[in-house]
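Dear colleague,

Please find the structure below, handed over for your files. My notes on it follow directly after.

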Amino acid sequence: MRRYGKNPDEDDIRVRPNRKGNRPRTHIRPKHEDAAEGMVLTVDRGRLTVLVDDRIVMAMKARELGRKAAVVGDRVAVVGDLSGKKDTLARIVRIAERSSVLRRTADDDDPYERVVVANADQLAIVTALADPEPRPRLIDRCVVAAYDGGLEPILVLTKSDLASADKLLETYAALDIPYVVTSREEFTDGAELARVHELLDGKVTAFVGHSGVGKTTLVNALVPEERRRTTGHVNAVTGRGRHTTTSALALPLEGSEGWVIDTPGVRSFGLNHVDPSRVILAFPDLEPGTAECPRGCSHDEKDCALDAWVADGHADPSRLYSLRRLLATRERREGD
């Protein structure tokens, strides 16, 4: 095999011809400094709907992004045809750093996490008080996912005309989670809708809940010009409704600078991706007490320093109970 020295004669170097006759490829990519900023509103089979200024633009992911995918709520840089006209297509060339991420896995044994929403400020957990019955374990899992992803959880309890909210609210009282209770009758009058609107005003809020709880009906009322087909019925045997939202969709909140992100109804919320050590950060009254915990402490064992921290009066015992309940929910199934 022939070797070349440090200063080979150019005539001695063999150049492979370019069969396609085009310019050779380069690893230097354009910086796209003139790219427009936009927000991803929805994703459908590789096509992304992006809000650029006041225009709705269809776009696809640029090849240089590799396997990195954009999700609803992402702030992106877009180039190409930004007119928003029919049959035009732009390219997403950059995805900005995310301030928060709502993630889930199919179940607790699934190693593959799925990013549902990016850059949301709040997670509104919609739960019916009856028809179907509330599922506290699923609520716990959503709360853990919110804390882990940097979102503030909110409880939206519907159908209070069918059952009282007192017992469920007592369960989450120690977490000090903002909440609103709605009924089907008063909700149509607008008084309760105004209270929901107040919690969402000026913020990006992702809505999550299992089918039949009234999540999409609530979104339709908050964003009347973007009516979505509501759940047809609740199965009398399983207590579950039919899925009507098939992909996440960001919608502008009526009369506000806030955004509502409607997500598909969930039957399970896997937490395989959650680092338990990050959940404690949502408990600022308990977090300092972990300084004396043994390495790798699960915060639910004999040597956990949080027991002494609470016994010394630094935090309410109900807060420690709530923390341990949330941490333990990763090992429990939603229906337990």
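Which residue lies over the face of Tyr 172? Arg 325 does, at 5.0 Å from the ring centre; a charge sits over a ring if NZ of Lys or CZ of Arg is within 6 Å of the ring centre and within 35 degrees of the ring normal.

Please note that this is a predicted model, in which local features need pLDDT of at least 70 and side-chain atom pairs count only at pLDDT 80 or more, while totals for chains, interfaces and linings use all residues. Residues are numbered from 1 along each chain as its sequence is written, and side-chain values use heavy atoms, with hydrogens and water left out.

The protein has eight helices and 13 strands (DSSP runs numbered from the N terminus: helices are H or I of at least four residues, strands E of at least two). Of its 336 residues, 45% are buried (buried is under 20% relative accessible area, exposed over 50%, partly exposed in between, with a 1.4 Å probe and protein chains only). Among contacts (heavy atoms within 4.5 Å) with a separation of 6 or more, 64% join residues 24 or more positions apart.

Helix α5 (residues 215–222) is largely enclosed by the rest of the structure, because six of its eight residues are buried. These are Lys 215, Thr 216, Leu 218, Val 219, Asn 220 and Leu 222.

There is one aromatic pair (rings of Phe, Tyr and Trp, the last by its six-membered ring, with centres within 6.5 Å; planes under 30 degrees apart are stacked, over 60 edge-to-face, the rest tilted). The ring centres of Tyr 147 and Phe 283 are 6.0 Å apart and the planes stand at 70 degrees, so the pair is edge-to-face. It links distant parts of the chain, 136 residues apart: Tyr 147 belongs to helix α1 (residues 136–149), and Phe 283 to the loop between α6 (276–279) and α7 (306–311). Both Tyr 147 and Phe 283 are buried.

Arg 94, in strand β5 (residues 90–95), counts as partly exposed because its relative accessibility is 35%. Leaving aside residues up to four places away in sequence, Arg 94 touches Lys 31, His 32, Ala 35, Leu 65, Arg 75, Val 76 and Ala 77. His 32 is 62 residues from Arg 94 in sequence and 8.9 Å away in space, C-alpha to C-alpha.

Finally, Met 60 is in strand β3 (residues 55–61) and, at 32% relative accessibility, is partly exposed.

With kind regards
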